[in-house]
Amino acid sequence: MVDQSAVGRSFTPVTARVEPGRLRYFLNTLGEENPVYRNADAARAAGFDGMPVPPTYLFCLEMMDVDDPFEMFIALGIDLARVLHGEQSFAYHAPVLVGDTLTFRPRVTSVTDKKGGAMTLIGIRCEVTNQDGVHVADTTRTIVVRNEVT
Amino acid sequence: MTASGDIRAGDRIVHKVFPPITRHTLALYCGASGDHNPIHVDLDFAKAAGFPDVFAHGMLAMAYLGQALTDAVPPSRLRSFATRFVAITQLGAKLTCEGTVTELFAEDGERRARLALTTRDDRGEVKLEGSAVVAL
């Protein structure tokens, strides 16, 4: 079971490039037709210097370009079959545009046992910066681990 | 939200209904999102983990909610977006995403609105509960 010693632990920073083809695949999967994400003129008219990404896409970029997408679970000894996503948040500080190269720096911020140890909640915070060093966003997620009842 | 001066607490400004989630949707989202957890696409894996079937990625449901949100609010005005995954979204679910203004306030030199967000399936069960802050 994950314990308090995990708090403060950080993981390999992830560098991800916002590629237009991969983004288009995401938009098509979701049936996203908003021209601001698909048309350069519409994006400009909406106040962007390039094509922006949808609000949850930061989460995907981090997972797509990480060397080992489940590094954190392996490092903390968590069985992937016992993991659920509890909460997710994004704070946006500056635009993220197609062509940007982003760096994600995840670290564990909290470990909380629930229901007498039946579940453990793991809080992870991730700072996101772009190729110019601009702090574009912060993401937080809570991972729920369903512990094996012994 | 172009006539932002007209926004009042209680206004429902976000509302969108999405098509049913199929196995195909989950397979596509697995690739498109980089979330390759087999629990969402491999029935054998899901059953071995104690689930009756595969189920939707929480982030797929949040992506739909985000889409409903930026249909109503230009993405350049979105300051934050958060959700709690209240219940597992099952295969076949037809999601309805809604957002209502709960508060108008000033922060960082701009007028902002806080929205309460929900995603429900076609039986009315709440799947996601969340909030967003947008600049007016």
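This is a predicted model: local features need pLDDT of at least 70, side-chain atom pairs count only at pLDDT 80 or more; totals for chains, interfaces and linings use all residues.

Residues are numbered from 1 along each chain as its sequence is written, and chains are lettered from A and ligands numbered from 1 in the order in which they are written.

Chain B averages a pLDDT of 94, and 96% of its residues score at least 70; pLDDT is the predictor's confidence in each residue, from 0 to 100. For the complex, the predictor gives an ipTM of 0.93 and a pTM of 0.94.

Chain B has three helices and five strands, in the order β-α-α-α-β-β-β-β along the sequence. Helices (H or I, at least four residues) and strands (E, at least two) are DSSP runs, numbered from the N terminus. The C-alpha trace of chain B spans about 55 × 30 × 20 Å along its principal axes.

Now the contact between the chains. How many residues of chain A are in contact with chain B? There are 29, and they meet 33 residues of chain B; contact means that the C-beta atoms, placed from the backbone, lie within 7 Å. On the chain A side, the elements that give two or more residues are α1 (20–29), α3 (57–65) and β2 (83–92). β2(A) gives the most, with eight residues.

β2(A) also pairs with strand β2 (residues 78–85) of chain B, in the antiparallel sense, over five bridges; strands pair if DSSP finds at least two bridges between them. In this pairing A:Phe90 stands opposite B:Phe81.

Last, α1(A). Its buried residues are A:Arg22, A:Leu23, A:Phe26, A:Leu27 and A:Thr29. Seen down the helix axis, they fall within an arc of 165 degrees, so they line one face of α1(A); the arc is that of the directions from the helix axis to the C-beta atoms. What covers them includes α3 of chain A and α1 (23–33) of chain B. The face turned away from the buried side carries the exposed residues A:Pro20 and A:Gly21. After α1(A) comes A:Gly31, with a positive phi near 65 degrees.

Definitions and conventions. Two residues are in contact if their C-beta atoms, placed from the backbone, lie within 7 Å. A residue is buried if 20 or more other C-beta atoms lie within 10 Å of its own, exposed if 12 or fewer, and partly exposed in between; C-beta atoms are placed from the backbone.
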